[in-house]
Amino acid sequence: MRTHWKKWVVAAAAAAASYAALGFWAVPWGVERGLTSYARDKLQRQASVGRLAFNPFTLRLEAADLRLSEAAGAPIFSVERLAVEMKWRSILTGAWRFAEITAVTPTAWLAVSPDGRFNIDELIRAARRDQPPSHDAALPRLVIDRFTIAGGRVDMQDRRAGYANTLAPIDFELADFSTLPGQADTHTFVARSRRGGVLRWKGQATVSPMQASGEFVLEDASLPEVSVYLKSKVRAAISAGKLTATVPYAVSYADGQLQARIKGARLATEDLALAREGASDSFASLTRLSAEGIDADLVRLEAGVKEVRAEGGRLAVRRDARGELDLAQLMIASAGPPVKPTDWKLNVGKVVADRLAVSAVDETVNPPLKVELASAGLQLALQAGQKGEQFDLKVSAAALALEGLAIAKGT
């Protein structure tokens, strides 16, 4: 009996030692080999791992200095430290269950080449190469107790548009994520732009059924940096201004029906200025532009706004000797065939413009006629919409006040 017991002890110890050896040494070797081989053979890119460690008893994998780069060496993604801890319940419940996934100082390099190729899109295409299309694939049974990104960074370089920016640090927390039916998660996200501005996001979501709600908050985002994306549409640039916005949202999808709504959103710009292409002086400015009480159905393209208010602005307008208005020359005609109009509706309860100055020059007469308006005030209600080829606009409850009107000849 004693000999039999000893055999069991020796067998158990040998099994534990074999399991430990397999986990502590074989798993890190296999994971590293698999990652580098997948990057080389499937993605045609380079991957490297500085250090890998796996504890087979806690099912915790830790990695340091993970890197993915283009075949020529340009970086795509890196993470200083990654920790993934799986639960033993995964073996018994048939679902992938993780106690923790933590990425410390992850960095992503987003690059658009001069010909418009996006490096992340190219990476996804490579990953999907030779895979048959799947239309009815079920979601994996996945549970994550805590997912954390700490001190993340995104470097953006758009060589086609001439735009570059860095978002850092990026902090993201996700709690109780699950693809199992009826289970919800909570998430928060914070990112700061190198050029100013903070993006905050918090919300809740379920995967089965697909529902999400929450709120995006943008604080003091710099507007001039996005002007590069207006080059193809207007001959003007945003030369100054900051944007603050709060957007509560609710999204759901069931039985082939998508619903996406915004409720009670608000936004405001401060010290907004527009300049013509290549000019340093602005031709239009607003001390403050705000919109309150924004409700929208993003699927039906219907929106209502409680109030839009513009305060403390100035506009300079010129009509040349040929009778062409300079503002009309700012728009760039779209190339290609005309796009079929999309149906939409907009209802603005109140539009208020206060303390707006206007300077106009008419060069169709000689000497030119100059009009100066020191202050204008406007109030109205607005309804607009598109139905097929028909555009409808209705203005009501309009009131206009003008102060300090002066007309003179010569410049």
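A polar contact is a pair of N or O atoms within 3.5 Å; within protein, one must be able to donate a hydrogen and the other to accept it. This report covers a predicted model, and one such contact opens it.

**T179 and its loop**

The backbone nitrogen of L142 lies 2.8 Å from a polar atom of the T179 side chain. T179 sits in the loop between β6 and β7 (184–193). Its relative accessible area is 12%. The cut-off for buried is under 20%, so T179 counts as buried. Leaving out residues up to four places away in sequence, T179 touches P140, R141, L142, V207 and S208.

T102 belongs to strand β4 (residues 96–112). Beyond its neighbours within four places in sequence, T102 is in contact with R81, L82, A83 and T148. V84 is 18 residues away from T102 in sequence, yet their C-alpha atoms are 6.6 Å apart. The T102 side chain also makes a polar contact of 2.7 Å with the side chain of E100.

N165 belongs to strand β6 (residues 163–178). Its side chain is joined to that of Y163 by a polar contact of 3.1 Å. Not counting residues up to four places away in sequence, N165 touches V154, D155, M156, S193, R194, R195 and E225.

| Residue | Relative accessible area | Class |
|---|---|---|
| T102 | 10% | buried |
| N165 | 3% | buried |
| T179 | 12% | buried |
| D65 | 33% | partly exposed |
| A397 | 63% | exposed |

In soluble globular proteins, nonpolar side chains tend to be buried together. Here the largest nonpolar core has nine residues: I262, A265, A291, I294, A296, V305, V348, V351 and L380. Two or more residues each come from β11 (257–276), β12 (282–297) and β14 (344–362). β12 gives the most, with three residues. Take A291 from this core. Setting aside residues up to four places away in sequence, A291 touches A265, R266, L267, V305, E307 and V308. Another core lies apart from this one; its eight residues include F98, I101, L174 and F177.

**The largest pocket**

The largest pocket has a volume of about 350 Å³. Its lining counts 17 residues, and E70, A111, S113, R117 and N119 lie nearest the centre. β3 (75–86), β4, α3 (119–128) and β5 (142–158) each give two or more residues to the lining. The largest share is that of β4, with four residues. What classes of residue make up this lining? Eight are nonpolar, three are polar and six are charged.

**Backbone points to check**

The bond from A168 to P169 is cis, with omega near -10°. P169 is in strand β6. The bond from N366 to P367 is also cis, with omega near 0°. P367 lies in the loop between β14 and β15 (369–387).

Two residues have a positive phi although neither is a glycine. For D65, phi is about 60°. D65 lies in strand β2 (residues 60–69). For A397, phi is about 50°. A397 lies in strand β16 (residues 390–409).

Note on methods
Residues are numbered from 1 along each chain as its sequence is written. This is a predicted model: local features need pLDDT of at least 70, side-chain atom pairs count only at pLDDT 80 or more; totals for chains, interfaces and linings use all residues. Side-chain values use heavy atoms; hydrogens and water are left out. A nonpolar core is a set of buried Ala, Val, Leu, Ile, Met, Phe, Trp, Tyr and Cys residues joined through side-chain atoms within 4.5 Å. Buried means under 20% relative accessible area, exposed over 50%, partly exposed in between (1.4 Å probe, protein chains only). Contact means heavy atoms within 4.5 Å. On a 1 Å grid over the protein atoms alone, a cavity is a set of points where a 1.4 Å probe fits but cannot get out, and a pocket is an open set with protein on both sides within 12 Å along at least five of seven lines; lining residues have an atom within 4 Å of a point. Grid points are joined across faces, edges and corners, and a volume is the space filled by probe spheres set on the points. Ala, Val, Leu, Ile, Met, Phe, Trp, Tyr, Cys and Pro count as nonpolar, Asp, Glu, Lys and Arg as charged, and the others, Gly among them, as polar.
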